[in-house]
Amino acid sequence: MSSTAWLSRRLSHWVRRRQGVDSLPLTLSTKRLYILPTRVGMTFGLVAFAMLLGSMNYNNSMGFALTFLLTAAGLVAMHRCHQNLSGLILSQLYARRAFAGEPITVELTLNNQARTPRFDLRARVAEYDGGYHDVPPAGSFVYRIRIPTQQRGRLQIERIGLATEFPLGLLQTWAWLYVDAECLVWPKPAEIAPARPALADDGAGQRGSGGDEDFAGLRDYQDGDSPRLIAWKTYARTHELQSRQYDGQNTSEVWLDFASLSHLPAEEALSVMARWILDAEKRGEQYGLRLPDATQQPANGLRHRNQCLDALACYGNPEPRRAS
Amino acid sequence: MRVDGSLKHSLGWTIAALLVAYAPQLTTKPIWISGLLLVCAGLRWSTEVRRGRLIPTWLRLPIGIGCFIAVLASYGGVNGVAPGSALLSVMAALKLLETRNRRDEYVILYICLFLMLSTFLAEQHLWSIAYLLFGFLVTMAAWVSVSRRAKVRPARWYARQGLKTTLYALPLLLCLWILFPRVPGPFWAIPTEAGKARTGLSSTLSPGDISTLSESQEVAFRVRFQSIAPPRELLYWRAIVMHNFDGRTWAADEPVYGKSSDVLQSRGESIRYTITMEPTRQRWLYALDMPASWRGQKIYRTGYNTLQRMEPVNDRLAYEARSLLQYAANLDLQPRSKRWYTRLPPDNNPQAVALANQLADASSSTDEYVRRVLSYFREQPFYYTLSPPALGRNAIDEFLLETRRGFCEHYASAFAFLMRAAGIPARIVAGYQGGTESLMGDYMIVRQSDAHAWNEIWLEGQGWVRVDPTAAVAPSRIEQNLNSALQEYGERAPGAFDLPAFENLKLTWDLINARYNEWVLGFGPETQRDFLAWLGIDSPDWRDQATLLAIILTALMAMIALWLAWLHRPPRRDDASRWYQRLQRRLKLPAVTGEAPRAYSRRARALFPLQAEAIDASVEHYLAVRYGGNARQFASLRRAVRQIKRRWRAHSATAPASAPKVPTQTTAKSRTH
């Protein structure tokens, strides 16, 4: 087992040196495709050989015919297997960020420009499997691959594997694509977070969530408004997106400061800050972020929340970890 | 272990493949094996459908051992094709019971292939081709279904994949068939299947032997003449010479290696022909009277001027021979041989001896005696019949003087007796007489019903001379065929099978069979050499052949690869799109996935400011055509694209400017507009 693992690692290194790093969109040309018989294929070959010996011994013509048909099917399967992957296009790679401990979903789009379907393709990111799927003719398929995470930081998606054993499972054609892509893993929000230290300009923060209940009116939807605030009934009537306004919103600014948590270990402090960010966002507060290496001006909305969490993930510029 | 039902689809196909592979053996295998197979298939299938439990190991093991012992008991061993395939069937049935994953299913499919092979080892008929293709198709469909891991597709998809696999394999099959070097086997001893009787001649001749043969329409051999076929009355195909008479039965003893080649003299033309004989499991071969030379391995001529082989003919055999139609054989006969060929058992058939003496006294010469005997047959009320009355101890006496009803063996036997009684050396030749011309007229079919027995007598100065007493009684047997002879004697009414239409059908069928025999079953090392010679490749050794095979196989595979690539070509774009593509090709700047035309136009104009105007015009015209344009706009599009100056090198910045390297939500995503 270890020797196969070693062999496959060597092979992977060789392929990487040979191919270099790719950028998208990426067409699977012949020079990126590798093909080798599978275990089933090797048994198939042995069986065909045994049948050849039997036919020769008995000088049996129909036996020869069966053996040759089998051999021919194996040979054609080689071309069909290769053709099944050749010319496919890896058009998009999209990774949805996640909190540490939750899986990251990588979306991988395969484009088939041919007028025939591609059958039984498997996509993997590192060793995480996206399953076997067909790609329709002149169409595409999106693989959703979940990668588990443990720690916040950068997750490097190094190797994408596409493989097929279609039609007979005798041979495997595969391609390894090296894309220099990274994805961020946010710190896991602390379950129990200490209360935010009250800062001078932190007034509204203490008012609790009661302020959300005081409906103040509607305003035009702006990027970053929470979907929960959208007045869907109004949208259904007027086809205009509007957000509900509540009293207590936009009234004060909150600063979430890393320095205030200096008594905690760094990772725990980041977890607590993640919790604070989520809470503040939920309350609709204007919150800002102060980290030793980054600062986010107070704002509100999904985009702002994500930017803050990204900053937490990148805190201390952690080494990218490989997804494997 | 509980099954989860995930195999359902591939299991259905696997069971189907197994049943198809087993089907031809349904009648030849013991009933319990067929039963076991069906029961196991049914059990496993219902387990899968109900998502029940597999039969536990402690139950499977004794069943397996029991079945193995049952096979041993049924066949008395495991050697040979029949017990081997029985064992395979049992294994497949039991394997089904424990099938829980792909690997188990693959094992069953391998067994299917071997079962099909064992079917062919047992028998190869014309329908075997159809069976081969159908069985292979089903097995491959099953194979695809077992290999497939994506979402299950409808059954006809697997059937189509099986069909595709088979069709793609056919050209390669043909190539391998013709060129794969055939090595004369066998490598290991083939277990002989003793007791499997074949219809055909035997080495003894008793009354009634040939008349049973005459009912059989089986083909004995086929012959292809290299020149015009000789007239029918000369088509005497000799196989066995019998000379040892015990009063009732004529027997051939073990022939000696012939030294008779020097005693056969040509008295006229000779004729060449190729005989393809059906297996007889005997050593004799057929040859036209009299074989002078022959080509073929391990074939020799006996002292009786018949051809033999050192090994029994267990497979269809083709050989070439040359025969003399006019000849003089063994002009000198040793006194010892003369005594041998005139020997009769003492105190046997006294009336026949008396008749011989009576006729001999009346004749002045040997020739006249022969004539008198033949005219005795002709003039007395002899009757040619397939169902003669049973004869007692003095069979010749009874036949000659009382019953006078008989078939060719009766006449030959009586004639030889009468000759010997008068001191003329005589013997019986068993073989075939006549033959049916094939539909295309290029070969002749000799059936078992053409079996015949005639005589040879030795005359001073002439050697062995052929005499056919049956011709004296029923000349139409020789001139036409058995049926007409029997009809003449009211033995057989002209039935439906004698209608010309049916005869034609029979001949057509035989023609197809003969071609199949020649090109499929008989295709061995020699046929291959001949065929390659016909193609202009003279005496290739196996290395040349392997090289040739490699070249042609590679070429064929390249063609298949091209064909597959062509099938995978992108769908034809509409005309406007093709001009848009042409624009991109001219600029050597492909549009990126998801890049809208105007975005592309902006990017291209930025890169090639000199052509900005033409690019803009092209893209705008393209959009105009795209969104409900007319022919004039299409013409403008073409004009605009043609004005684009062709670039010869791709621009270094073919990819759109990538997003800033700061990790964002989308880290490696193509730009979309």
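1. Basis of the reading. Because the model is predicted, local features need pLDDT of at least 70 and side-chain atom pairs count only at pLDDT 80 or more, while totals for chains, interfaces and linings use all residues. Residues are numbered from 1 along each chain as its sequence is written, and chains are lettered from A and ligands numbered from 1 in the order in which they are written.

2. Make-up of the chains. Chain A has six helices and 16 strands, and chain B comes to 23 helices and 20 strands, where helices (H or I, at least four residues) and strands (E, at least two) are DSSP runs numbered from the N terminus. Buried residues are 41% of the 324 in chain A and 35% of the 673 in chain B; a residue is buried if 20 or more other C-beta atoms, placed from the backbone, lie within 10 Å of its own C-beta atom, exposed if 12 or fewer do, and partly exposed in between.

3. Contacts along each chain. Two residues are in contact if their C-beta atoms, placed from the backbone, lie within 7 Å. Among contacts between residues at least 6 apart in sequence, 69% join residues at least 24 apart in chain A, and the corresponding share in chain B is 73%.

4. The contact between the chains. Chain A contributes 57 residues and chain B contributes 58 residues. On the side of chain A that touches chain B, the elements giving two or more residues are helix 2 (39-58), helix 3 (61-85), strand 3 (89-96), strand 6 (118-125), strand 7 (128-135) and strand 10 (171-186) of chain A. Helix 3 of chain A gives the most to this side, with 16 residues. By class, this side of chain A has 31 nonpolar, 18 polar and eight charged residues, with Ala, Val, Leu, Ile, Met, Phe, Trp, Tyr, Cys and Pro taken as nonpolar, Asp, Glu, Lys and Arg as charged, and the others, Gly among them, as polar.

5. A helix pair across the contact. Helix 3 of chain A packs with helix 19 (residues 542-567) of chain B at an angle of about 30°, and their axes are 10 Å apart; axes are lines fitted to C-alpha atoms, for helices over the stretch in contact, and angles run from 0 to 180 degrees between N-to-C directions. In this pair, A:Leu75, A:Val76, A:His79, A:Arg80 and A:Gln83 of helix 3 of chain A meet B:Met557, B:Ile560, B:Ala561, B:Leu564 and B:Ala565 of helix 19 of chain B. By class, this helix contact has seven nonpolar, two polar and one charged residues.

6. Helix 1 of chain B and its cover. Helix 1 (residues 8-22) of chain B has 15 residues and reaches 21 Å from its first C-alpha to its last, close to the 21 Å expected at 1.5 Å a residue, the expected span being 1.5 Å times one less than the number of residues. Its buried residues include B:Trp13, B:Thr14 and B:Ala17, and what covers the buried residues of helix 1 of chain B includes helix 2 (31-50), helix 4 (81-97), helix 5 (102-122), helix 6 and helix 7 (155-179) of chain B.

7. B:Ala142 as a view from helix 6. B:Ala142 lies in helix 6 (residues 127-147) of chain B and counts as buried because 28 other C-beta atoms lie within 10 Å. Leaving aside its neighbours within four places in sequence, B:Ala142 is in contact with B:Trp13, B:Thr14, B:Ala16, B:Ala17 and B:Leu109. B:Ala142 and B:Trp13 are 129 residues apart in sequence, yet their C-alpha atoms are 4.7 Å apart in space.

8. Strand pairing in chain B. An open sheet of three strands in chain B has the order 1-5-4, with antiparallel pairing; two strands pair if DSSP finds at least two bridges between them. Strand 1 (204-205) and strand 4 (244-245) of chain B stand at the edges, each with a single partner strand, so one side of each is left without a neighbour in the sheet. Elsewhere in the list of pairings, strand 7 (residues 270-277) of chain B is joined antiparallel to strand 2 (residues 219-225) of chain B by five bridges and to strand 12 (residues 317-324) of chain B by eight bridges, also antiparallel.

9. An exposed loop residue. B:Ser387 lies in the loop between strand 14 (383-384) and helix 12 (395-403) of chain B, and counts as exposed because it has 9 C-beta neighbours inside 10 Å.
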